[in-house]
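Hi,

Here is the structure I promised to pass on. Please load it, then read the notes below.

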Amino acid sequence: MKKLHRHLYPIIVLCSLSGGVSLAQDAAKIELGSQLYAQNCVFCHQADAIGKPGFAPSLSNPEFLSIASDKFILGTIRDGRPGTGMPPFAHLGRDQGRAILAYLRSFSKLPHRAKEVDAEPDAHGDPRLGQQWFEYICSTCHGPEGDGYAAGGTGTAIGKVGTLNKVSDGFLRVTIKEGRSNTRMLGFSGPAGLANLSDQEIDDIIVYLRTLTK
Ligand code: HEC
Ligand code: HEC
């Protein structure tokens with residue numbers, strides 16, 4: 001027994017040094033996050049955060065998780081989106097917010113690239129052309145001025161300050177190009193896109209969206 005112990009001890013030390021303890025902590029955090037999610041979010045965002053068209057978006061969507069920064073997700077949980085169905089949860093505080101974030105991140109399937117996406121250059125273009133594109137192809141789902149579900153469609157409130165103040169142009173650009181799988185938000189780039197918009201046309205739309213909060 002004594003001999004066995006002597007052999008095992010270094011292994012145990014090595015395991016905890018190499019992250020065994022922090023893995024256990026992560027699992028506990030995800031479990032707490034899952035409980036908090038069930039208490040506060042599941043009613044709208046549904047089981048496994050898959051969302052419900054026209055009611056609440058998916059939060060476990062692979063493309064969304066890959067480009068959404070921690071700051072964006074935590075800030076949206078804290079502040080909600082004024083004028084939409086997304087209420088503020090400031091009362092949950094930082095630690096509970098972070099636990100929910102850990103739970104949502106446990107659904108991640110694609111590499112995390114929020115840093116690169118947020119570092120993309122700002123959009124430059126013609127807001128009048130952007131408005132034409134928006135009214136032609138986006139407003140059916142997102143509402144005439146990006147008002148979101150209130151206008152009767154399935155798209156979120158991308159013209160409102162609660163969204164626009166928290167997202168980078170890179171986040172908008174990549175979402176418009178690539179869309180979000182398993183939702184009604186299809187990509188708008190390439191032959192498989194809902195419409196094949198050029199990079200400039202996509203930037204025109206972003207520049208138009210930015211005028212809506214001024
Ligand atoms: C009463 C319904 C409701 C509840 C409860 C709710 N949400 Fe939301 N949430 C929404 C709606 C509606 C939107 C989209 C708002 C819009 O149109 O832009 C949203 C948007 C979001 C977004 C932005 C998603 C994106 O695609 O950019 C995040 C993040 C989010 N909610 C997290 C949460 C979390 C976490 C909880 C629980 C702490 C929660 N929500 C609880 C209705 C809700
Ligand atoms: C067929 C309906 C539909 C059309 C058309 C559409 N969208 Fe969307 N869009 C959605 C839905 C639905 C979501 C949210 C996905 C979800 O429910 O999980 C979304 C999400 C988004 C988001 C992310 C918003 C957020 O809350 O994080 C952006 C940005 C966006 N769309 C831009 C556009 C632009 C720009 C156009 C026009 C070029 C467009 N969409 C056309 C349905 C649509």
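This is a predicted model: local features need pLDDT of at least 70, side-chain atom pairs count only at pLDDT 80 or more; totals for chains, interfaces and linings use all residues.

**Domains**

The domain assignment of the protein chain gives two parts: domain 1 (9–110) and domain 2 (116–211). Their contact takes 21 residues from domain 1 and 20 residues from domain 2. The C-alpha centres of the two domains lie 25 Å apart.

**Ligand 2**

The shell around ligand 2 holds 22 residues. Ser 58, Cys 138, Cys 141, His 142 and Met 185 are the closest. By class, this shell has 12 nonpolar, 7 polar and 3 charged residues.

- Ser 58: a polar backbone atom is 2.8 Å from an oxygen atom of ligand 2.
- Thr 156: a polar side-chain atom lies 2.9 Å from an oxygen atom of ligand 2.
- Arg 180: an N or O atom in the side chain is 2.9 Å from an oxygen atom of ligand 2.

Two elements give two or more residues to the shell around ligand 2: α8 (127–142) and α10.

**Ligand 1**

Which residues come nearest to ligand 1? They are Cys 41, Cys 44, His 45, Arg 81 and Met 86, out of 23 residues around ligand 1. The shell around ligand 1 divides into 14 nonpolar, 7 polar and 2 charged residues. At least three residues come from each of domain 1 (9–110) and domain 2 (116–211).

The polar contacts of ligand 1 include these:

- His 45: an N or O atom in the side chain is 2.8 Å from a nitrogen atom of ligand 1.
- Arg 81: a polar side-chain atom lies 2.7 Å from an oxygen atom of ligand 1.
- Arg 180: a polar side-chain atom lies 2.9 Å from an oxygen atom of ligand 1.

The elements that give two or more residues to the shell around ligand 1 are α3 (42–45) and α5. Of these, α5 gives the most, with 3 residues.

Note Arg 180 in both lists. Its side chain has a polar atom 2.9 Å from an oxygen atom of ligand 1, and an N or O atom 2.9 Å from an oxygen atom of ligand 2.

**Helix α10**

Why is helix α10 (residues 169–178) described as largely enclosed by the rest of the structure? The reason is that 8 of its 10 residues are buried. Those buried residues are Asp 169, Gly 170, Phe 171, Leu 172, Arg 173, Val 174, Thr 175 and Ile 176. They pack against α4 (62–67), α5 (70–79), α7 (114–118), α9 (161–164) and α11 (199–211). Gly 179 follows α10, and its phi is positive, near 70°.

**Helix α6**

Helix α6 (residues 93–105) has 13 residues. From first C-alpha to last, α6 reaches 18 Å, close to the 18 Å expected at 1.5 Å a residue. The buried residues of α6 are Gly 97, Ala 99, Ile 100, Leu 101, Ala 102, Tyr 103, Leu 104 and Arg 105. Their cover includes α2 (20–40), α4 and α5.

Best wishes

Methods: Residues are numbered from 1 along each chain as its sequence is written. Chains are lettered from A and ligands numbered from 1 in the order in which they are written. Side-chain values use heavy atoms; hydrogens and water are left out. Buried means under 20% relative accessible area, exposed over 50%, partly exposed in between (1.4 Å probe, protein chains only). Helices (H or I, at least four residues) and strands (E, at least two) are DSSP runs, numbered from the N terminus. Contact means heavy atoms within 4.5 Å. A residue is near a molecule or strand if one of its heavy atoms lies within 4 Å of it. A polar contact is a pair of N or O atoms within 3.5 Å; within protein, one must be able to donate a hydrogen and the other to accept it, and residues adjacent in sequence count only if both atoms are side-chain atoms. Ala, Val, Leu, Ile, Met, Phe, Trp, Tyr, Cys and Pro count as nonpolar, Asp, Glu, Lys and Arg as charged, and the others, Gly among them, as polar. Domain bounds come from an automatic or database domain assignment. The expected span of a helix is 1.5 Å times one less than its number of residues.
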